[in-house]
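Thanks for coming. I have one structure to go through today, so please look at it on the screen while I talk.

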Amino acid sequence: MRTSIRHMWIAATTILLLSTLPIADAKAAPSTKLVVKGRTVTNELPTITIEGRTLVPLRVVSEALEAEVKWDSKTSTATIQKWGERLSLQPEAKVARWQGASSDDQFITLETPAKLKNETIYVPLRLISSTFGYNVTWTKGEIQINSPLSEKSRQVLYRGSLAEAREQIIKLYQPIHYMHKPLNITITDENYDVIYLFPKGKALGFYKLYGDTIAWIELKDDFLVSTWQANLDVNSSVDHFQAFKEMKFENEKGARPSLKNEEMYVFGSGIFGDSTTSYYGIIDEHRQSSIISYKITIAGESKGAISYTLPGEIRTDQR
């Protein structure tokens, strides 16, 4: 669901940002300062303007975001890749291709295409930054590209208590980026349960079970990134949670984490009608699971309580 909404948002945002940029001859504009996550990349970023709108050099901005840029001279196509996701576009083309963020390729209609000037491709800044999820601010003479996380969120996630960090990362409304083309997710019931499993003492990496898939997800450079994903091999006698405990996986993408026998904190939630049920519990080193407590909310009224740590658990991954 999040992936679908994310790509609808990307397409709508890109069209909105670019539709007001009319086609016209590009003119040189004064150089601009580029600051990425507090670091000055250059004080002389060349830009061009089209009818009062500013475009920036694709390669400089992409590489400042630690994205790889490739140019195919045979097809005149520029490809920008970060994680396993790729944005491909051509000068003057009105469609860009977005690959690797969902099981299907996405096509973004550009009311204003990229421009080629002096062997440099220029694009509207937000096409790159919003596609990959960065926050962008523009003031006269300076562009700032920042983390999608606020400083307060970063403090909690990286240096807060184990309970605070886990609660925040579970509730973090941020699309997941994939190192490999993601699998389709099949939902087989009506309550849309999602289960998070954290290794003992950890908050910045977790397994997520949703539908018939499992993914290992880490917070990397302030982004949620999945480095491994698989389908759960289930049948009438084995549910998804049990399939995970028995390590019944199919169609694996990426290198599987060690999954050594160790204690794990379990958090699950589901929605059914107007009720929401959350619970937490444990998987022990023998892969036996038990639920410690439930919290049920019906029509705004809640019963029960949730803890985001196991008794006596201490955080071991603060940064």
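Let me begin with Ser 153, which sits in helix α4, residues 151-159. Before going further: this is a predicted model, so please keep that in mind throughout.

Is Ser 153 buried or exposed? Its relative accessible area is 18%, and buried means under 20%, so Ser 153 counts as buried. Its side chain has a polar partner: the side chain of Gln 168, at 3.0 Å.

That takes us to the neighbouring helix. Two packed helices are described by the angle between their axes and the distance between the axes. For α4 and helix α5, residues 162-170, the angle is about 125° and the axes are 7 Å apart. The two helices are therefore oblique to each other. The crossing of α4 past α5 is left-handed.

Which residues meet there? From α4 we have Ser 153, Val 156 and Leu 157, and from α5 there are Glu 164, Ala 165, Gln 168 and Ile 169. Sorted by class, that contact consists of four nonpolar residues, two polar ones and one charged one.

An α-helix has 3.6 residues a turn, so residues three or four places apart point the same way. With that in mind, look at the buried set in α4: Ser 153, Val 156, Leu 157 and Tyr 158. The buried residues of this helix pack against α5 and also against β16, residues 213-220.

Next, helix α3, residues 125-132. Seven of its eight residues are buried, so this helix is mostly covered. The buried ones are Leu 125, Leu 127, Ile 128, Ser 129, Ser 130, Thr 131 and Phe 132. Just after the helix comes Gly 133, with a positive phi of about 100°.

Now to the strands. Phe 249 belongs to β18, residues 249-253, and with a relative accessible area of 12% it is buried. What does Phe 249 touch, apart from neighbours within four places in sequence? Its contacts include Ile 214, Trp 228, Leu 232, Phe 244 and Leu 259. Take Leu 232: it is 17 residues from Phe 249 along the chain, yet their C-alpha atoms are separated by 4.9 Å.

Apart from neighbours within four places in sequence, Ser 275 contacts Gly 270, Thr 297 and Ile 298.

Glu 66 has a phi near 60°, which is positive although the residue is not a glycine. Glu 66 is in the loop between α2, residues 58-64, and β4, residues 68-72. Its relative accessible area is 60%, so Glu 66 is exposed.

The other is Met 247, also not a glycine, with a positive phi of about 55°. Met 247 lies in the loop between α6, residues 240-245, and β18. With a relative accessibility of 32%, Met 247 is partly exposed.

Last, the chain as a whole. How many helices and strands are there? The protein chain has six helices and 22 strands. Of its 319 residues, 46% are buried. Among contacts with a separation of 6 or more, 54% are between residues 24 or more positions apart.

That is what I have; questions are welcome.

Note on methods: Residues numbered from 1 in each chain as written. Predicted model: local features only at pLDDT ≥ 70, side-chain atom pairs only at ≥ 80, totals over all residues. Heavy atoms only, no water. Contact = heavy atoms within 4.5 Å. Helix = DSSP H or I, 4+ residues; strand = E, 2+ residues; numbered from the N terminus. Buried < 20%, exposed > 50% of the residue type's maximum accessible area, 1.4 Å probe, protein only. Polar contact = N/O pair within 3.5 Å; in protein donor to acceptor, adjacent residues only side chain to side chain. Axes fitted to C-alpha atoms, helices over the stretch in contact; angles between N-to-C directions. Parallel < 35°, antiparallel > 145°, perpendicular 65-115°, else oblique. Left-handed = near helix turned anticlockwise from the far one by under 90°. Nonpolar A, V, L, I, M, F, W, Y, C, P; charged D, E, K, R; others polar.
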